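Please keep the model open while you go through them.

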Amino acid sequence: MDAVAPIPQSAGQATLGEAIAESRRLLDQAGIESAEQEALWIVQHVLRLPAHHVVTDRDRLLASTELADVKGLVQRRVRREPLQYIFGMQEFCGLEFHVNPAVLIPRPETELLVEYVAQRISAEQSTTIVDVCTGSGCIAVAIARQRPRARLIATDLSSRSLDVARQNAIRHSVGERIIWLEGNLLGALAGQKLEGQVDVIVSNPPYIAEADWATLQPEVRLFEPRGALIAGPQGTELHERLLQEACRYLSPGGALILEIGAGQARAIRQIVEQISGYRFHRLVYDEAGLERVVIVERVGT
Ligand SMILES: C[S@@+](CC[C@H](N)C(=O)[O-])C[C@H]1O[C@@H](n2cnc3c(N)ncnc32)[C@H](O)[C@@H]1O
């Protein structure tokens with residue numbers, strides 16, 4: 001690490017280079033792994049600078065308000081708030097999604113769900129797709145963008161999540177194409193006359209076991225919504241309920257596509273075997289080689 005001149009407090013002034021260096025020092029001290037990169041991102045974000053300017057404009061003197069804003073964001077990050085909540089944004093499937101602590105931050109491995117929905121549904125097909133546990137709406141919105149003829153219904157237990165999801169759909173010009181329903185898993189579909197009509201049900205439900213809560217990173221444990229993460233004592237409770245509830249809504253040959261946690265595939269396969277009406281189609285591994293997606297199909301004609 002370079003020797004760093006502290007930001008001169010009395011003058012209340014600092015150059016861009018000094019602000020980056022001091023931010024990096026504070027982040028580093030707080031145990032943030034990529035302190036250098038995050039310091040650059042924070043300064044870039046506050047000053048709304050193109051990336052190369054944080055390298056070329058190091059002698060630029062920051063206004064006192066800019067310096068105060070940088071310090072404020074660094075302090076939030078030092079307390080382990082995820083950068084995505086600080087910036088209010090996360091990219092998913094090439095689209096920017098607004099996020100706040102009401103919703104889980106979309107994870108890259110969840111893009112696999114969108115990929116496997118898109119594999120089953122052609123761009124020309126008029127289909128009905130339900131995204132259960134929609135959170136920020138990332139899955140429903142990404143599918144709506146990729147499959148312009150599909151009708152989408154997205155559900156969540158949390159009305160605050162649905163508010164964020166609606167904003168994201170409008171932001172990506174698919175607000176008119178998605179129906180948002182508040183409710184407990186597929187209970188939200190009651191009265192919609194969708195029995196036997198749904199071609200794909202996709203879901204990234206909470207799947208962490210209660211006992212694992214304490215082992216999560218502070219960014220997750222202290223800031224992300226517990227209700228978006230914890231399923232119950234086993235971790236597979238919501239998968240089991242979804243498997244039980246989905247059968248009546250799926251059309252024959254329709255698919256239930258579920259994100260799972262590492263090590264859960266076996267338990268979920270056993271649940272599938274105990275419920276009549278499904279055939280196990282596929283287990284998909286993510287880039288890290290971990291079990292990530294289970295696909296089951298509704299049997300029958
Ligand atoms: C793991 S997050 C997934 C969010 C988003 N689909 C994603 O992949 O980023 C789970 C979501 O399920 C919602 N949820 C939790 N329990 C639920 C339930 N019983 N019924 C409906 N939604 C539920 C939470 O509010 C949260 O938004």
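1. Which domains does the domain assignment of the chain give? The assignment, which is of the automatic or database kind, gives domain 1 (16-79) and domain 2 (90-298). Taken over C-alpha atoms, the centres of domain 1 and domain 2 are separated by 36 Å.

2. A word on what is being read here: this is a predicted model, in which local features need pLDDT of at least 70 and side-chain atom pairs count only at pLDDT 80 or more, while totals for chains, interfaces and linings use all residues. Residues are numbered from 1 along each chain as its sequence is written.

3. On confidence, pLDDT (the predictor's confidence in each residue, from 0 to 100) averages 94 over the chain, and 96% of the residues score at least 70. Over residues 1-5, however, pLDDT stays under 50, and for this stretch the model has five contacts beyond four places in sequence; two residues are in contact if their C-beta atoms, placed from the backbone, lie within 7 Å.

4. As to the overall build, the secondary structure comes to 11 helices and 11 strands, where helices (H or I, at least four residues) and strands (E, at least two) are DSSP runs numbered from the N terminus. The C-alpha trace spans about 75 × 40 × 30 Å along its principal axes. Of the contacts with a separation of 6 or more, 65% are between residues 24 or more positions apart. The chain has 301 residues, of which 38% count as buried; a residue is buried if 20 or more other C-beta atoms lie within 10 Å of its own, exposed if 12 or fewer, and partly exposed in between, with C-beta atoms placed from the backbone.

5. Helix 1 (residues 16-29) has 14 residues and reaches 20 Å from its first C-alpha to its last, close to the 20 Å expected at 1.5 Å a residue, the expected span being 1.5 Å times one less than the number of residues. Its buried residues include Leu16, Ile20, Arg24 and Leu27, and what covers the buried residues of helix 1 includes helix 2 (35-47), helix 3 (53-56) and helix 4 (64-78). Just after helix 1, Gly31 takes a positive phi of about 85°.

6. Turning to the ligand, 22 residues lie around it, and Cys133, Gly135, Leu157, Asn204 and Ala228 come nearest; a residue is counted as near if its C-beta atom, placed from the backbone, lies within 6 Å. Helix 7 (138-146) and strand 4 (151-156) are the elements that give two or more residues to this shell. By class, the shell has 11 nonpolar, 10 polar and one charged residues, with Ala, Val, Leu, Ile, Met, Phe, Trp, Tyr, Cys and Pro counted as nonpolar, Asp, Glu, Lys and Arg as charged, and the others, Gly among them, as polar.

7. Two positive phi values in residues other than glycine deserve a look. Cys93, with phi near 50°, is found in the loop between strand 1 (89-92) and strand 2 (95-98), and counts as buried because it has 20 C-beta neighbours inside 10 Å. Ser173, with phi of about 60°, lies in the loop between helix 8 (159-171) and strand 5 (178-182), and counts as exposed because it has 11 C-beta neighbours inside 10 Å.
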